[in-house]
Number of protein chains: 2
Amino acid sequence: MKQILKYSAAALALLCLAVPSVTADEGMWLFNRPPTKQIKARYGFDITPQWLEHVQKSSVRLSSGGSGSLVSPNGLVMTNHHVGSDMIEKLSTAERDLLKSGFYAKTNADELKCPDLEIVILWEIIDVTDRVKNAATAEMSSSDANTARRKMMTTIEQESKEQTAMRSDVVTLWQGGRYHQYRYKSYTDVRLVMAPEKGIAFFGGDADNFEYPRYDLDMCFFRIYENDAPLKNEHYLKWSRNGCADGDLVFVAGHPGSTQRLNTVDHIKFMRDVQYPLSMRTIWRREVQLATFMGRSEENRRIAEGDFFSMQNTRKNFSGRFAGLQDPAFLARKVAAETKLRAAVDANPEWKAKWGDGWSQIANAKKLHGEMLVRFAAMGGSGLSLGGQLITKARDLVRNADEALKPNADRLREYRETARSSFELGLFSPAPIHPEFEIENLTAGLQNMGELLGCEDPVYLKALDGKSPRARAEELVLGTKLIDVAERKRLYEGGKAAIDASRDPMILFIKSLDAESRASRKRYEDEVDAQEREGYAKVAAANFEVNGEDQYPDATFTLRLSYGQVKGYVENGKDIPPFTNFAGLFKRSEEREGKYPFEIPAKWQAAREKLNPNTPFNFVSTNDIIGGNSGSPVIDKQGEVVGLIFDGNISSLVGNFGYEDVTSRAVSVDSRSMIEAMRKVYDAGTLADEITGSSRKPIEAGSR
Amino acid sequence: MKQILKYSAAALALLCLAVPSVTADEGMWLFNRPPTKQIKARYGFDITPQWLEHVQKSSVRLSSGGSGSLVSPNGLVMTNHHVGSDMIEKLSTAERDLLKSGFYAKTNADELKCPDLEIVILWEIIDVTDRVKNAATAEMSSSDANTARRKMMTTIEQESKEQTAMRSDVVTLWQGGRYHQYRYKSYTDVRLVMAPEKGIAFFGGDADNFEYPRYDLDMCFFRIYENDAPLKNEHYLKWSRNGCADGDLVFVAGHPGSTQRLNTVDHIKFMRDVQYPLSMRTIWRREVQLATFMGRSEENRRIAEGDFFSMQNTRKNFSGRFAGLQDPAFLARKVAAETKLRAAVDANPEWKAKWGDGWSQIANAKKLHGEMLVRFAAMGGSGLSLGGQLITKARDLVRNADEALKPNADRLREYRETARSSFELGLFSPAPIHPEFEIENLTAGLQNMGELLGCEDPVYLKALDGKSPRARAEELVLGTKLIDVAERKRLYEGGKAAIDASRDPMILFIKSLDAESRASRKRYEDEVDAQEREGYAKVAAANFEVNGEDQYPDATFTLRLSYGQVKGYVENGKDIPPFTNFAGLFKRSEEREGKYPFEIPAKWQAAREKLNPNTPFNFVSTNDIIGGNSGSPVIDKQGEVVGLIFDGNISSLVGNFGYEDVTSRAVSVDSRSMIEAMRKVYDAGTLADEITGSSRKPIEAGSR
């Protein structure tokens, strides 16, 4: 279930450039620069502007970090269970564990309102490259130029918001090579309609994650509401009557989170030797900490399970990428490509003068980055994310009070006016906050600070205030009132005066560390980010010049189109066929003695005789996807749903740094298994009818 | 189950000094310097030389890293299940999983011979301080003096071995303040007699580990053989007829592994800020790696489970210690004690001249240690322990071939003649080696090397030989013949010529890295260890002078005596009574819904009605113990067995750095529960009869 977007902020900070030449089914293409020619050449199929617009406006992004699609005219959204699980967990209580039991609302009235889920639909894309780039002049220092560009991005967003009332984000593409403005329709009244048991959604658990063959019903359904009624949406994806077959051309429309495919060699070495070792340490630490916390009681298990699975997923994902980086053969290919591009630049005096120093500029930036990385990580990154939700809420209150006094364009980006509604949705979320888990997480964060900085560091001593990490965490969590939504509202509405007057220990804690944290962030932005963007802008320009404009940028958690075909592969000399089926599910469980995480849920045991064992369950295709694509629809040439992306196989993990289609595969839930399970396992015929209402005749599971 | 000795080599390298003043039930006392006065003063009981000799010669140490005791005149040894589990795992196969099913040999003929377990009994102690110290002269440099002392230790051991034919170890006490020679009887034909299911031995798993109340039957029984017949031993512990009661004086005779109670403040800060963060990273990494490997199949689970539990145990142990170090109040006490001692030294000009620079010498040594620590860890420490058993076997073959050519006193300590029989036992062990697990472990070791050194380090590049870590590990593991005992024997017996001629890839791999590894080790010994020993010898001398001779040294995995009493405690305002019982076991399982690791094994379910629910199961006492004490007998004033140490509670973990008896407790299996379970659950009446043969009348479980 890799495709959800829950990586560390540090990892997300690293975005880069597209590959110079595109082969095979490679690419996460922009909807305003689609791979029309490539698809025509490889598959003889024409994607029309109408087809693209329809797919674009049927695709959604969820604030929990994944993708989805509208699959009925009544606001019904399909996504992965693991994209929705954060909400499912928040909607659960000790008495009603929806992850364990699953959920189905037979009527609209039974649907459960999510505490803090935002769904957005991309409506319009405008190229604003010139406005952003021209905000910086040649005379400016790198850091001043960077600031000027950031301000212009906020200004453009603000203007757009005032003109259209739509959410507007300026997206940095090609790491500063281009800037596009994305306008979104945004919805915050979202309700849970249906989710199967976690036991079938994540059958095989961490053991089978990123593996194939696979047997997961990793789906769930939400409904968007507008004015307290189901959304009436013009665009939605129809359901394929027959599903897909081996060799079929299929498309994925979704939001890949981040890739680093044309990072310079020095940048890659920095990631390999400096950044990833630190990230891995953090991941192992957190995975073990969560496992230990969960072991203490059944209630702890319920509370922390979502974070735990997410961390396991991140670990497996990063391990795969890291293994790729540690392979000398992999780096050799990167070196060869870079050498070729640089030789072309150096051979042309004009290019050399304009772009020749881009690579060394990036290398210098990463060197500086390396010097500040550990301290930055110790303090929870740019957002002082030291552990737990209360810390981030206190941080948002304290920072917002300061930022709100500044002109919009001068603020830290996350406190700009155009992001306010999403910001408030999170800050005032009524989702439960568990004090014991908060204490655990903050203790771990404080201990981590001591481990990374050394226990005599002034910042650490200030953070502890003379106590042990656990004693300090207990004091803060048990002493704060921020667990109460009303108190957060009061402090938010009271602005700077209320924050200044507050004696809340968590607020005081954040205030004591905020200057240091902001200074680190500023140093990073001025000294690293600014240099890096300038360098990459040069590399990007050289790359367009040498390799042509027909390229896709690295992933940025914005809507992209990928194409590919349903196709098996060979692994260790063994043929892996593209489809699995329900019979395989029961067989796999038996092989593993039915033990966790290979237990078949009771409803499936009961329905076993009724189910068609030949129903296609999961399948693989060559589509180029990555984390963030979770929940993306897989559609056929007609634009009809044939599957639901939920994972990539183990070979796909190095896709972060480069695509290959020999053994890398995207893994999807087959549309036919979803309908079969709704009708025969979950007694959810009404939902199946709503989804397939557009079909010409009823679905027959397993038939083709 | 903390008390087994399975810490990292780095952790074990840190041994130090005893506390200056002893209060409460503190102390891990030498058998040749027993706490006679303290026990008399606190409990009015006289321990006689005869009592001490009998207890000493009834106590054993197991090469798997724990303690045990003789409990019958026929060589029967009692220890913990978790001390024996490494053997139990080695005696298991995919078809016969003894960890899962448990084991009981009804007759001697059914007993299972362990592939590589050595049991030793301490027979004699001789103070050799003067000989060792006088080997170094005042003119020598620190490193030359250190070498001279090491050579003298080997010479003394060799002489003793030639005179007595007994195994002889010179033990460094007070980190160089004293040197004692220990003579042992050694046995290598050891057979498994009885082990319960892991499910009851380690009931509650990692979740309940280091916690109390507790419900574990953490016992197992081996038998020592001599000339293919059960050992006829004069000394053994009789079984108490009635067990112990709240408030009883009890003793523990066992082998605490290591403590760092009088490390200097600078040394403690080094551990806190440099060493522990690196150790914790290694532990988290390994725990996650093992969990992932185990998840892949039932067979993997069986193969790796022992290592996994051991790593969880180490993690919980180190986390507890680390939390203590990160507590400012803890360090403040250490600073106060050191300030007082140094003031006393500085106030006396003669003392100041002799010992005054001891502290700064240690601080300098640790500074140098810090500079070499990461590289040392990356290369698997002084033993090139990069991952898996084959690597260490290849290392032993390569190094032994070189060392055997040198005079005995000049060799690396582990290849000295007196250690040869233990060395051969390990090298030629027929215990199974699993190639898949070897590949996994070596891959992880190579990746770790890259993470710590950076992937362009010459040593890393040499180790990989142009391949990825996994490809290289596969090449080495699948290419070597060392998995075959006969091949190891051939290379061992062929000596240097055979090693030089070998094309075995694992041998060549070790040869390519050995020079670098030996150089690091030499640098550590000459620059760090030598300085540190000199410094600690001064601090120890000052300490004896200022605080008197009546002290115990830090733990060194040699036999010690601790005293204390059976006693509950108060935690978070709640009374924790000293005893649990069988009824509590069933209750605890129900609370946790009978889920792993809280499942009651089938035999216990079946025997539930027969068992006396009031049988005392586990109990706590104030004895001062630490890792390595696992399996130690708990005895009463008569020297009779009342329990079996298997853990300490969470408060006891900081015991590594200092003892307190307010909430710190040792945790034992009650002798009565062992007999009750043998008779009613395991149909092992013969074994119970052998053990209790010395009792005056039959044991009645639960009665007092």
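My entries on the chain interface, some salt bridges and the domains follow.

**Ground rules.** I am working from a predicted model, in which local features need pLDDT of at least 70 and side-chain atom pairs count only at pLDDT 80 or more, while totals for chains, interfaces and linings use all residues. Residues are numbered from 1 along each chain as its sequence is written, chains are lettered from A and ligands numbered from 1 in the order in which they are written, and side-chain values use heavy atoms, with hydrogens and water left out.

**Entry 1: chain A against chain B.** I started with contacts (heavy atoms within 4.5 Å). I found 42 residues of chain A in contact with 42 residues of chain B. Next I looked up the buried area, meaning the accessible area (1.4 Å probe) that two parts lose on being put together, summed over both. Between chain A and chain B it comes to about 3400 Å², and carbon and sulfur atoms give 52% of that. On the chain A side, A:W284, A:E298 and A:Q326 lose the most area to chain B, together 20% of what that side buries.

Then the charges. I counted a salt bridge when a side-chain nitrogen of Lys or Arg sits within 4 Å of a carboxyl oxygen of Asp or Glu. There are 8 of them between chain A and chain B. I noted one between B:K269 and A:E456, with the closest N and O atoms 3.3 Å apart.

Which helix of chain A gives the largest share of the side that touches chain B? That is α10(A), with 12 residues. Helices here are DSSP runs (H or I, at least four residues), strands are too (E, at least two), and both are numbered from the N terminus. By class, that side of chain A has 14 nonpolar, 9 polar and 19 charged residues. For the classes, Ala, Val, Leu, Ile, Met, Phe, Trp, Tyr, Cys and Pro count as nonpolar, Asp, Glu, Lys and Arg as charged, and the others, Gly among them, as polar.

**Entry 2: salt bridges within a chain.** The structure holds 145 salt bridges over all chains. I picked a few. A:E211 and A:K316 pair up at 3.7 Å, N to O. This pair links distant parts of the chain, 105 residues apart: A:E211 is in the loop between α9 and β11 (220-226), A:K316 in helix α11. Buried or exposed, I wondered about A:K316? Buried, at 9% relative accessible area, while A:E211 is partly exposed at 25%. The cut-offs are under 20% for buried, over 50% for exposed and partly exposed in between (1.4 Å probe, protein chains only).

In chain B, B:E590 bridges to B:R608 at 3.4 Å. B:E590 lies in helix α22 (residues 582-591) and B:R608 in the loop between α23 (602-607) and β18 (616-621), so the pair ties together parts 18 residues apart in sequence. B:E590 is exposed at 53%, B:R608 partly exposed at 34%.

**Entry 3: domains of chain A.** The assignment gives domain 1 (7-118 + 188-247 + 564-691), domain 2 (123-174) and domain 3 (372-552); such bounds come from an automatic or database domain assignment. The C-alpha centres of domains 1 and 2 lie 34 Å apart, and their contact takes 11 residues from domain 1 and 7 residues from domain 2. About 790 Å² is buried between these two domains, 59% of it from carbon and sulfur atoms. In domain 1, A:L30, A:N32 and A:K57 lose the most area to domain 2, together 40% of what that side buries.

I counted 1 salt bridge between domain 1 and domain 2.
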